[in-house]
Structure formats: structure tokens, C-alpha cells
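Please look over the sequence and the model together before reading on. The report that accompanies them is arranged by topic.

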Amino acid sequence: MRPLRNPAIRGALAWLLAAWMRFCFATIRWTRQGEAEVEAVWARGGGVIPIFWHSRLALSPASWPLDRATPTKALVSLSADGQFIARALERVGFPAIRGSTANKDKSQAAKGGSQALRDGLRQLKVGGLAVTPDGPRGPAGVMGEGVPLMAKLSGAPVVFLGLSCRPAIRLGSWDRAVVPLPFGRGAVLYEVVYYPEGADPAEVARDWSARLTDLEVRADALTGLERGV
């Protein structure tokens, strides 16, 4: 049996991951760029869609200060791994909306994805919805049409997050996930965009993929983290 399918093990690991993230975030020296633009979005209130690549999931809470940022939920997959991540994120202030299109059963995948879209649009009427547009299984750094469609239907601004830290651990996962280590350098870069009127979602997804990757590259340049994917 996989460890994350055991509720007790899953809960303990989620607690440890959340505690580790809080400790690292408190000791890392952060550089932030684009704060004025995102602060204006937070001050206006309403829906907002923060996005970042799946490999930087463990860094994402550092980008969203709970004392002033828009209250936000995280879109997390329906898998056992997703449930573990959801519990860890909830401990650092991000309740989860569950949904995934990666299920091998296409009918169940469609059902889960459609429900997540409906729940996400409902959430965007009152707050934020954080999404990893290449998750939960990749390919890494490739955005599907889900985020552009959600932005188009909701009219909410999308906040690109370029996240980096060094030193860090690189996991052997499909996305070469970055896990922070304490007492290092970190970078959070913000860029606010809106869905371009009349645009094709597939074209928007390609453009946004490139822009999100470029922002992450710039964050890595600030910290000195080597590119993993």
C-alpha cells in the first residue's frame, strides 16, 4: 500500500510539510517584484486567479500574505497525493477545492473537472482561486485551456507568480519539484494579466505558458537556482 493512501500517515506528513514551509518562509531572505500591481488587485477585492507552475507548489504560500492578500482557495487534484497536498495547504491558510482531469477513467475525469470548474467560478465571485496550470501530472510547464477559460468566464485578473529559492531540494518527480531549505534567498515576482477580449483560449494558453515560464526564469536568476526542467 502506498503511504499516502493511509490517512494517519497522510495527516502526519501534511502536518510536517506545513510546519517545514512555515519555518523556511520565516528564515528565507525574500526579494519581491511587482508588488504594487498585485496590491492594487488585493485592495479592490473580488475574484483573482494566482497561477504558478506545479514544481513551485511548496513555495506558493510565501507569495500570498494572509494579512492583506485576497482570501484564496487552492484547486487540488482528487488523487491521494492531492489530498495530502490539500491538507498541508489548508494548514498554511489555503483551503482546497478538489478537482482533476488526470483520472484514467475519462467519464470520471470529465465529471471531476466540470465540478471543479463550477466550484472555481463560484469561488471567484468572492475571492481567489490558486491553480497550477500544468498539474497534477504534466507535462511540466505546459498550460491547458482551463485557466484561460476560467479567466474568460469570470472576468477575474490572473496573477502570474514567478517563485524561486536557493538552497532547495529537487525532488525526482515529473516536475522536478522544488522544496525550500531555510536561511537562503527567495524571490517572488508578480505579473497581473486579464483575458484578452476575443482571443482564442488555446492561443492564450500558449502565450501565458511562455510568460509564466519567463517570470520563473527571472526569479531563478535572482536566487541563483539552476533550472530543473
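The sections below go from the basis of the model to the whole chain, then to its sheet, helices, cores and backbone details.

## Basis of the model

The model is a predicted one, in which local features need pLDDT of at least 70 and side-chain atom pairs count only at pLDDT 80 or more, whereas totals for chains, interfaces and linings use all residues. Residues are numbered from 1 along each chain as its sequence is written, and side-chain values use heavy atoms, with hydrogens and water left out.

## The chain as a whole

The chain contains six helices and seven strands, where helices (H or I, at least four residues) and strands (E, at least two) are DSSP runs numbered from the N terminus. Along the sequence these elements follow the pattern α-β-α-β-β-α-β-α-β-α-β-β-α.

Of its 229 residues, 47% count as buried; buried means under 20% relative accessible area, exposed means over 50%, and partly exposed lies in between, with a 1.4 Å probe and protein chains only. The chain exposes about 11000 Å², of which carbon and sulfur atoms supply 56%, the areas coming from the Shrake-Rupley method with a 1.4 Å probe and, for residues, with only the protein chains shown counting as cover. Among contacts (heavy atoms within 4.5 Å) between residues at least 6 apart in sequence, 75% join residues at least 24 apart.

## The four-stranded sheet

Four strands form an open sheet with mixed pairing, in the order E1-E7-E6-E2; two strands pair if DSSP finds at least two bridges between them. Strand E1 (29-33) and strand E2 (49-51) stand at the edges, and because each has a single partner strand, one side of each is left without a neighbour in the sheet. From one strand to the next, the twist averages 20°, with axes taken as lines fitted to C-alpha atoms, for helices over the stretch in contact, and angles running from 0 to 180 degrees between N-to-C directions.

Strands E6 (residues 158-170) and E7 (residues 178-193) run antiparallel and are joined by 12 bridges. Within this pairing, Ile 169 has Val 179 of E7 as its bridge partner, and Leu 161 has Tyr 190 of E7. E2 and E6, by contrast, pair in the parallel sense over three bridges, and the bridge partner of Ile 51 in E6 is Phe 160.

## Helices on the sheet

Helix H1 (residues 7-27) packs on the sheet and touches E1 and E7, its direction making about 80° with that of E7. Helix H2 (residues 35-44) also packs on the sheet, touching E1, E6 and E7, and its direction makes about 70° with that of E7.

H1 has 21 residues and reaches 31 Å from its first C-alpha to its last, close to the 30 Å expected at 1.5 Å a residue, the expected span being 1.5 Å times one less than the number of residues. Its buried residues include Arg 10, Gly 11, Met 21 and Phe 25.

## Nonpolar cores

A nonpolar core is a set of buried Ala, Val, Leu, Ile, Met, Phe, Trp, Tyr and Cys residues joined through side-chain atoms within 4.5 Å. The largest core has 32 residues, of which Trp 64, Leu 89, Val 159 and Tyr 190 touch the most other members. The elements that give two or more residues to this core are H1, H2, strand E3 (72-76), helix H3 (80-91), E6 and E7. Apart from it lies another core, of 24 residues, among them Ile 51, Ile 97, Leu 129 and Val 204.

Leaving aside neighbours within four places in sequence, Leu 89 is in contact with Leu 57, Pro 61, Ala 74, Val 76 and Phe 94.

## Loop residues and backbone details

Thr 132 lies in the loop between strand E5 (128-130) and helix H5 (146-154), and Thr 132 counts as buried because its relative accessibility is 13%. Beyond its neighbours within four places in sequence, Thr 132 is in contact with Phe 52, Trp 53, His 54 and Leu 57. Pro 139 is found in the loop between E5 and H5, and the peptide bond from Gly 138 to Pro 139 is cis, with omega near 5°.

A cis peptide bond also joins Arg 166 and Pro 167, with omega about 5°; Pro 167 is found in strand E6. Arg 176, in the loop between E6 and E7, has a positive phi of about 50° although it is not a glycine, and at 33% relative accessibility Arg 176 counts as partly exposed. Phe 183 lies in strand E7 and has a positive phi near 65°, in a residue other than glycine; with a relative accessible area of 56%, Phe 183 is exposed.
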